[in-house]
Structures are given as structure tokens and as C-alpha cells.
Amino acid sequence: MPENPPNADELLPSLLDQFWDTFPPTWNHIRVNIRALAARQFDLTVEQFHVLRLIRKGITSASELAEVKQISRPAVTQAVDGLAERGLVVRRTDAQDRRRAQLELTPAGEALLDTIFQHNRAWMAEKLAGLSAEEMRAVIQGLTVLHQVFNSSSQSDDMKPPATGGHPK
């Protein structure tokens, strides 16, 4: 008599192991590639690259950048100065508080980030090009399910202590 396939409860430990064996190292490879592109091809330090990304995301003051990056304000100022000298960032005086400068990406800064991300996307496409159409569909389906699972929970669910098995091994 054939064995019954494992049920969801039996598969969950293997799923968690595979998740932790896959996502962190994969994300790390992607991050390393982006940082290498930024440094090698565009002469950006890691801090400068992060500052550009965060400004694009709407973090527009040196104080906020220092807080988010958990680095000193002088380190942020140094990164911003280098970016401003290259015409990638501009400082605008805050209309409500003239002591405070708002940081904005210039069109050149926007274009540089777009180029870095386009190069990274091409690198990722090259890595994934060897998959068969069936494998690509399976990856898309799996990623779609994960996206739904992790984006459907409420904020309060995310604040609860994890059940056993929720931490990396």
C-alpha cells in the first residue's frame, strides 16, 4: 500500500528549514551584487548608496538618516557632502525650519539608482535564465504564496511572540 503524502503539519519543519537555508543567503547575494555594482562601476561607498536609497524612500533629513542607519550625524554629512559634490543630491532649506535642510535626489541621482537596479535586475535575470518554464512557474507560485502569507497578517499579529520554529536554526 502506498504511503500517504505528508500533511501540512509534517511539512512545516522542512519548509522552515528550507526558508532559512534559502532566503537569507539569496538576499545576501543580491545585496552584495548591488553594493559591488555601486562601488565598482559608479564609485559609491556603501554609505553613499544607502543614503541615496533612503532619500528616494522619503527619508530626507540628515538626522533621520543617521537614526535609520544607526550611524553618527557627521558620517551622514560626509556621505551627503560627497553625493552633493557629484550632483546626485541637493540640500533645500526647510520652509518651516530654516535651520533644517531637506535632502532631495537630483535627476542624476535618480538615474544612477535606476541604472544600478537595472544592472542588478539583469544580473538576477542571468542567474534565473537557466530555469525551465516549469521551474519558473513554480518559483513564481511559491513567491506569490509567501507574499500573500506575510502581507496578509495584521500589524498586531506581527507583534506577537513567534510560535516555536519561527527563528533561524
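**Figure 1. R56 and D114, a charged pair between two helices.** In this predicted model, the side chains of R56 and D114 come together in a salt bridge, with 2.6 Å from N to O. The two partners sit in distant parts of the chain: R56 belongs to helix α2 and D114 to helix α5, 58 residues apart. How accessible is D114? Its relative accessibility is 35%, so D114 counts as partly exposed.

**Figure 2. R56 again, this time with E110.** Stay with R56 and you'll find a salt bridge to E110 as well, where the closest N and O atoms are 2.9 Å apart. Because R56 lies in helix α2 and E110 in helix α5, this pair ties together parts that are 54 residues apart in sequence. Both partners are partly exposed: R56 has a relative accessible area of 32%, and E110 has one of 31%. As a bit of background, side chains of opposite charge can pair when their charged atoms come close.

**Figure 3. R92 meets E104 across two strands.** Here's another salt bridge, between the side chains of R92 and E104, at 3.2 Å from N to O. R92 is in strand β1 (residues 89–93) and E104 in strand β2, 12 residues apart. Are these two buried or partly exposed? R92 is partly exposed, with a relative accessible area of 43%, and E104 is partly exposed too, at 34%. A search of the whole structure finds 5 salt bridges, and the R92 and E104 pair is one of them.

**Figure 4. Helix α2 and what covers it.** Now for a look at the helix that carries R56. Which residues of α2 are buried? They are Q48, F49, H50, V51, L52, L54 and I55. Their cover includes the helices α1, α3, α4 and α5, along with the strands β1 and β2. Just after α2 comes G58, which takes a positive phi of about 105°.

**Figure 5. L52 and its partners.** Zoom in on L52, one of the buried residues of α2. What does L52 touch, once its neighbours within four places in sequence are left aside? The answer is L44, L83, L88, V89, L105, L112 and L113, all in contact with L52.

**Figure 6. The largest nonpolar core.** This core has 26 residues, and those with the most contacts inside it are L44, L52, L65, V89 and I116. Several elements give two or more residues to the core: α1 (8–42), α2 (46–56), α3 (62–69), α4 (73–85), β2 (101–105) and α5 (107–128). More generally, in soluble globular proteins, nonpolar side chains tend to be buried together.

**Figure 7. Stepping back to the whole chain.** How much of the chain is buried? Of its 169 residues, 21% count as buried. The chain exposes about 12,400 Å², with carbon and sulfur atoms supplying 56% of that area. As for contacts with a separation of 6 or more, residues 24 or more positions apart account for 55% of them.

Technical notes. Residues numbered from 1 in each chain as written. Predicted model: local features only at pLDDT ≥ 70, side-chain atom pairs only at ≥ 80, totals over all residues. Heavy atoms only, no water. Buried < 20%, exposed > 50% of the residue type's maximum accessible area, 1.4 Å probe, protein only. Contact = heavy atoms within 4.5 Å. Areas by Shrake-Rupley, 256 points an atom, 1.4 Å probe, with all protein chains shown as cover. Core = buried A, V, L, I, M, F, W, Y, C linked by side-chain atoms within 4.5 Å. Helix = DSSP H or I, 4+ residues; strand = E, 2+ residues; numbered from the N terminus. Salt bridge = Lys/Arg side-chain N within 4 Å of Asp/Glu carboxyl O.
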